[in-house]
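Let's take a friendly walk through this model, one part at a time. Please keep the viewer open as you read.

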Amino acid sequence: MTSALGPSFLDPEWLISTFGVIGILAIVFAESGLLIGFFLPGDSLLFTAGLLVADGTYLHQPLWLMCLLVSVAAIAGDQFGYVFGRRLGPALFRRPDSRLFKQENLTRARGFFARYGARSIVLARFVPIVRTFTPIVAGAGHMHYRTFLTYNMLGGTLWGCGVTILGYFLGQVTFVKNNIEFILIGIVAVSVVPIGIELLRSRRRTRNTDPR
C-alpha cells in the first residue's frame with residue numbers, strides 16, 4: 001500500500017490509526033535523537049495529529065495534553081541524542097557509511113551547529129534530518145549541558161506545540177480537510193527547503209574555493 005507521501009508505513013494517518021498516541025511519541029522520540037530516526041515523518045505526523053484531535057478521529061485526547069506529551073517526547077529524544085553523542089562522539093565521525101547511516105548527515109548537522117551555535121538546538125527542530133543529528137553533534141562537541149537543556153526544552157516545546165496546534169486549527173478548515181494529502185506534501189516540501197538551500201550554498205562555496 002502506497003500513497004502520494006510514500007509507503008503506508010510512513011503515512012502519518014496510517015501510523016496514527018495503527019499505533020495511536022504511543023506511536024506518535026515513539027516516532028517523535030526516535031526522530032529527535034536516534035541515528036535511525038532521520039527518515040521518519042516528524043512535521044507531517046504532528047500536523048496530522050493536531051488535525052485528528054480537532055476532528056476527533058483516532059485521537060480523543062485534549063489538545064493541551066497532546067502538545068505536552070509530544071513536547072516531552074521531543075525533549076527526551078534530544079536528551080538521548082546528546083548523551084549518545086557525548087559518549088560515542090569521536091567514534092561516530094569515524095564510522096563508515098551504511099544503508100541507514102550516512103556521514104554526510106552528521107557532517108551537515110555539524111556545519112549547522114558550527115554556524116548557529118547554541119541556537120542550532122532550537123532552529124534544527126524545524127529542519128528534517130538536521131534535527132536528528134544536531135543533538136548528537138552537540139554532545140560530541142561537549143556543549144555545556146545546562147545550555148543544551150535550556151535550548152532543547154525551548155526548541156522541543158516550540159516545535160511540538162507549534163506544529164500540532166497549527167494542524168489543530170487548520171484541520172477545522174474545510175479546504176484543508178478535503179485536501180489533506182496535498183497539504184501534507186506541501187509541509188514536507190517546505191520543510192526540506194532549508195536543506196536544499198544549504199546544499200546549494202555548499203556547492204557554491206566548493207566551486208568558489210576550487211583552484212582549477
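Arginine 87 counts as exposed, at 69% relative accessibility; here exposed means over 50% relative accessible area, buried under 20%, and partly exposed in between, with a 1.4 Å probe and protein chains only. This arginine sits in helix H3. Between the C-alpha atoms of arginine 87 and isoleucine 136 there are 9.6 Å, although the two are 49 residues apart along the chain.

A word on the ground rules: this is a predicted model, in which local features need pLDDT of at least 70 and side-chain atom pairs count only at pLDDT 80 or more, while totals for chains, interfaces and linings use all residues. Residues are numbered from 1 along each chain as its sequence is written, and side-chain values use heavy atoms, with hydrogens and water left out.

## The overall fold

The protein has 9 helices and 2 strands; these are DSSP runs numbered from the N terminus, with helices (H or I) of at least four residues and strands (E) of at least two. In sequence order the pattern is β-β-α-α-α-α-α-α-α-α-α.

Of the 212 residues in the protein, 44% are buried. Take the contacts (heavy atoms within 4.5 Å) between residues at least 6 apart in sequence: 75% of them join residues at least 24 apart.

Which residues have the most contacts inside the largest nonpolar core? They are Ile16, Ile24, Val28, Leu46, Leu59, Met66 and Val70, in a core of 27 residues. A nonpolar core is a set of buried Ala, Val, Leu, Ile, Met, Phe, Trp, Tyr and Cys residues joined through side-chain atoms within 4.5 Å. At least two residues of this core come from each of helix H1 (12-33), helix H2 (42-55), helix H3 (63-94) and helix H7 (145-170). The most is given by H1, with 8 residues.

Another core, of 15 residues, lies apart from this one, and Leu35, Phe113, Val137 and Phe148 are among its members. As for methionine 66, its contacts beyond four places in sequence are Val21, Ile24, Val53, Leu59, Gln61 and Thr164.

## Where H1 meets H6

Two packed helices are described by the angle between their axes and the distance between the axes. For H1 and helix H6 (residues 130-140), the angle is about 60 degrees and the axes are 5 Å apart. Axes are lines fitted to C-alpha atoms, for helices over the stretch in contact, and angles run from 0 to 180 degrees between N-to-C directions. H1 and H6 are therefore oblique to each other, the term for angles that are not under 35 degrees (roughly parallel), over 145 (roughly antiparallel) or 65 to 115 (roughly perpendicular).

On the H1 side, Glu31, Ser32 and Gly33 take part, and they meet Arg131, Thr132, Pro135 and Ile136 of H6.

Serine 32, in helix H1, is buried, with a relative accessible area of 0%. A polar atom of its side chain lies 2.7 Å from the backbone oxygen of valine 28. The side chain of serine 32 also makes a polar contact of 2.9 Å with that of arginine 125. A polar contact is a pair of N or O atoms within 3.5 Å; within protein, one must be able to donate a hydrogen and the other to accept it, and residues adjacent in sequence count only if both atoms are side-chain atoms. Not counting residues up to four places away, serine 32 touches residues including Ala74, Gly77, Asp78 and Trp159.

Tryptophan 159 belongs to helix H7 and is likewise buried, with a relative accessible area of 0%. Its side chain and that of aspartate 43 are joined by a polar contact of 2.8 Å. Among the residues it touches beyond four places in sequence are Val28, Leu46, Arg125 and Phe126.

## Two positive phi values

Which loop holds tyrosine 58? Tyrosine 58 lies in the loop between H2 and H3, where its phi is near 70 degrees, a positive value in a residue other than glycine. This tyrosine is partly exposed, with a relative accessible area of 44%.

Isoleucine 129 is not a glycine, yet has a positive phi of about 70 degrees. Look for isoleucine 129 in the loop between helix H5 (120-123) and H6.
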